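Trainee: Please take one part of this model and go through it closely. I would like the aromatic ring contacts, with every cut-off stated.

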Amino acid sequence: MRVVETEQICKVTGADSINRTDRFAIHGTDLGILWDGGDGRVFVLFGDTFGEGWGGDGGGPNSADWRSNVLAYSTSRDLAAGLTLDGVVTRPDGTAAQVIARDERRDEVTVIPNSGLAVDGLQVVHYMSVRQWGPPGKWTTNYSGLAVSDDGGVTWAKPWSARWINRAERDDPFQMCALAREGDHVYLFGTTNGRHGDAYLARTAIPHLLDASSYEYFDGRGWTRDEFAAAPVIPGPVGELSVAYDVHLGQWLAMHLDDPGGAILLRSADRLTGPWSPGQVAVPGHQYPGLYGGYLHPWALDGPDVYYLMSQWGPYNVFLMRSGLEQ
């Protein structure tokens, strides 16, 4: 697999975007995690979001109508013309609501989504409870977990059974994760908190998805119940990982940020356990300063092009990108 060209298609969020998301009180936001909801919609889940009065870049908690996350949805099929948002999960006034609640604890700064998946009529999101932001690319988490919605993404629960606690050493390898499904298993690619770790792999049978104790971890040879025995499957630095199967290529794709390399990379593999190809630059940071993310669109995995969402810190908004691929 080779990346042959990349272009920016449109700005997805912000007052000057094709969606005019200021009408939803989304002036500044990031991430844009994508997954097929199984109901004719693609869900688009954003991270920390700011409304009227937002001052630029990442803003700060408790300012400018801050919400930890907001959820939109789309039925756009012609991605070459842009990603149109059909609506959002709303507050009573019609603007975007926070959907995954924060904990009532002093040591949680925000709740950030990492990945999403629809399984047997449920919407499932992996999220992390951020304890403290550090220098760029570094932060600590309290734990990560799975949130679930059975009403099309309107309301969400965070079951205690589906959590990976970050111990005192802050080295749990499943704090920032990407979900994938193959056959009767759901897989979880995980990294430690921050953007600089390797990626590890876990799995469980679909009926046990919300039971963290049921997961087994790939140790390089087989599967074990000890998550700290997991072996790296993608070498770091791995940030904002997105994994999906490309039917056109007949391979799995993994897109992620290389920080501090300053680029969004794309890798491929025949199997989720690897070996994964070396990362190819899909988006160079020198052309798009402050870039991060890279979330593959699930409806663009059957042709020579892939589409994905990228964030930039300076505009603190989300953009639709396209990359052409060759085998």
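**The aromatic cluster**

Mentor: Phe50, Trp54, Trp313 and Tyr316 form a cluster, linked by ring pairs. Rings of Phe, Tyr and Trp (its six-membered ring) pair if their centres lie within 6.5 Å. This is a predicted model: local features need pLDDT of at least 70, side-chain atom pairs count only at pLDDT 80 or more, and totals for chains, interfaces and linings use all residues. Residues are numbered from 1 along each chain as its sequence is written, and side-chain values use heavy atoms, with hydrogens and water left out.

The structure has 12 aromatic pairs. Take Trp54 and Tyr316. Their ring centres are 6.5 Å apart and their planes meet at 40°, so this pair is tilted. (Planes under 30 degrees apart count as stacked, over 60 as edge-to-face, the rest as tilted.) The two residues come from distant parts of the chain, 262 residues apart. Trp54 sits in the loop between β3 (42–46) and β4 (70–74). Tyr316 sits in the loop between β20 (305–312) and β21 (317–326). Strands here are DSSP runs of E, at least two residues long, numbered from the N terminus.

Now Tyr316 with Trp313. The centres of these rings are 5.5 Å apart and the planes are at 80°, so the pair is edge-to-face. Tyr316 therefore takes part in a tilted pair with Trp54 and an edge-to-face pair with Trp313.

How exposed are these residues? Tyr316 counts as buried, at 2% relative accessibility. Trp54 is partly exposed, with a relative accessible area of 22%. Trp313 is partly exposed too, at 43%. Buried means under 20%, exposed over 50%, partly exposed in between (1.4 Å probe, protein chains only).

Arg41 lies over Tyr73, 4.8 Å from the ring centre. Arg163 lies over Trp160, with 4.0 Å to the ring centre. The test asks for NZ of Lys or CZ of Arg within 6 Å of the ring centre and within 35 degrees of the ring normal.

Tyrosines also turn up around strand β12 (residues 200–205). Five of the six residues of β12 are buried, leaving the strand mostly covered. Strand β11 (residues 185–191) runs antiparallel to β12, joined by six bridges. Tyr187 stands opposite Arg203 in β12. Strand β13 (residues 216–218) is also antiparallel to β12, with two bridges between them. There, Ala202 stands opposite Tyr217 in β13. Strands pair if DSSP finds at least two bridges between them.

Definitions and conventions
Helices (H or I, at least four residues) and strands (E, at least two) are DSSP runs, numbered from the N terminus.
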